[in-house]
Amino acid sequence: MLDLKRIRQNFDDVAKNLANRGVKAETLDQLKELDVKRRDLLVKSEELKAHRNVASTAIAQAKRNKEDASEQIAEMQKVSSQIKNLDAQLAEVDQELNDIVVTLPNMPHADVPVGADEDDNVEVRRWGTPRKFDFDVKPHWDLGEDLDILDWERGAKVTGSRFLFYKGLGARLERAIYNFMLDEHAKEGYTEVIPPYMVNHDSMFGTGQYPKFKEDTFELADSDYVLIPTAEVPLTNYYRGEIIDGKDMPVYFTAMSPSFRSEAGSAGRDTRGLIRLHQFHKVEMVKFAKPETSYDELEKMTANAENILQKLGLPYRVITLCTGDMGFSAAKI
């Protein structure tokens with residue numbers, strides 16, 4: 001979440017950068033007005049509280065001297081009522097401010113290309129050459145059924161659409177790939193973690209899934225628990241509310257976990273195959289780094305991911321996502 005003080009002190013710069021991420025000018029104008037109103041209410045409330053404290057001392061002294069303090073008491077009752085009213089207004093403004101701030105995406109890094117969608121992403125480099133075939137290539141969902149390693153029909157029967165069974169070599173291949181990835185990341189200094197597969201709402205808020213992407217999650221009814229959409233959520237919240245000693249940074253974590261996503265906004269889009277399942281396994285890398293070295297650590301992490309693809313012999317492209325295609329909480333991808 002962006003710091004309100006930072007927004008206030010660098011308003012024009014923040015407004016320009018967030019406009020590139022699709023934030024409307026009127027949203028930030030409203031935030032600015034609320035911030036001014038909040039500070040005005042705060043000053044008035046604090047002044048009245050200071051006046052009440054002084055008056056309360058005087059009233060107490062008058063009572064000890066057996067003097068009549070009825071007028072001062074009546075005045076303080078009015079002041080207390082004013083304070084109560086100001087504090088109620090302040091709480092309302094604070095909530096309105098918070099409702100806006102939590103919906104603001106992260107500020108993009110200066111190197112991030114400005115663009116509306118994936119068409120404006122920028123290719124950085126390529127590795128390998130995609131194979132060419134002299135026959136019609138089958139989609140993976142048909143190939144998986146033909147090889148009897150993916151069973152979509154029974155997955156849908158047992159659970160519902162976008163669930164499946166991995167069978168035989170399909171299950172072994174899945175397990176072998178994520179074991180390979182975890183072992184490779186461990187060689188690079190990552191600490192392997194088996195995280196909880198459920199987190200609380202504070203954790204979902206901590207990584208930016210809530211409130212913006214709440215509809216894409218699976219919540220357990222009548223509880224504070226949410227099935228994780230990725231191991232990134234528990235890993236990123238590992239030190240939440242704690243202060244890490246700078247000499248211990250950077251900290252590298254990796255984890256494989258099931259991921260659960262309702263994909264509420266993906267109707268009619270890539271719904272066949274393995275792309276938008278409600279449940280899938282995923283290996284994550286998470287780093288805790290100092291701000292001044294964070295982008296160097298990002299490049300190292302990208303290299304760690306490239307290492308996996310190169311060892312598997314899979315051609316790939318490295319793309320820098322534009323402002324309109326980046327994730328909500330990202331500054332650069």
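Is Phe253 buried or exposed, and what is its relative accessible area? Phe253 is buried, with a relative accessible area of 6%; buried means under 20%, exposed over 50% and partly exposed in between, with a 1.4 Å probe and protein chains only. The model is predicted: local features need pLDDT of at least 70, side-chain atom pairs count only at pLDDT 80 or more, and totals for chains, interfaces and linings use all residues. Residues are numbered from 1 along each chain as its sequence is written, and side-chain values use heavy atoms, leaving out hydrogens and water.

View 1. Helices (H or I, at least four residues) and strands (E, at least two) are DSSP runs numbered from the N terminus.

**View 2. The largest nonpolar core, with 18 residues.** Such a core is a set of buried Ala, Val, Leu, Ile, Met, Phe, Trp, Tyr and Cys residues joined through side-chain atoms within 4.5 Å. Leu2, Ile7, Leu18, Leu28, Leu31 and Leu104 have the most contacts inside this core. H2, H3 and helix H4 (70-101) each give two or more residues to the core, and H4 provides the largest share, six residues.

**View 3. The aromatic pair of Trp127 and Tyr316.** Rings of Phe, Tyr and Trp (its six-membered ring) pair if their centres lie within 6.5 Å; planes under 30 degrees apart count as stacked, over 60 as edge-to-face and the rest as tilted. Trp127 and Tyr316 are stacked, 5.7 Å centre to centre with 15° between the planes. Trp127 is in strand E1 (residues 122-127) and Tyr316 in strand E10 (residues 316-320), so the pair ties together parts 189 residues apart in sequence. Trp127 is partly exposed at 31% relative accessibility, whereas Tyr316 is buried at 10%.

**View 4. The aromatic pair of Tyr238 and Phe253.** The two rings are edge-to-face, 5.0 Å centre to centre with 70° between the planes. Tyr238 is partly exposed, with a relative accessible area of 46%. Ring pairs link Tyr238, Tyr239, Phe253 and Phe288 into a cluster.
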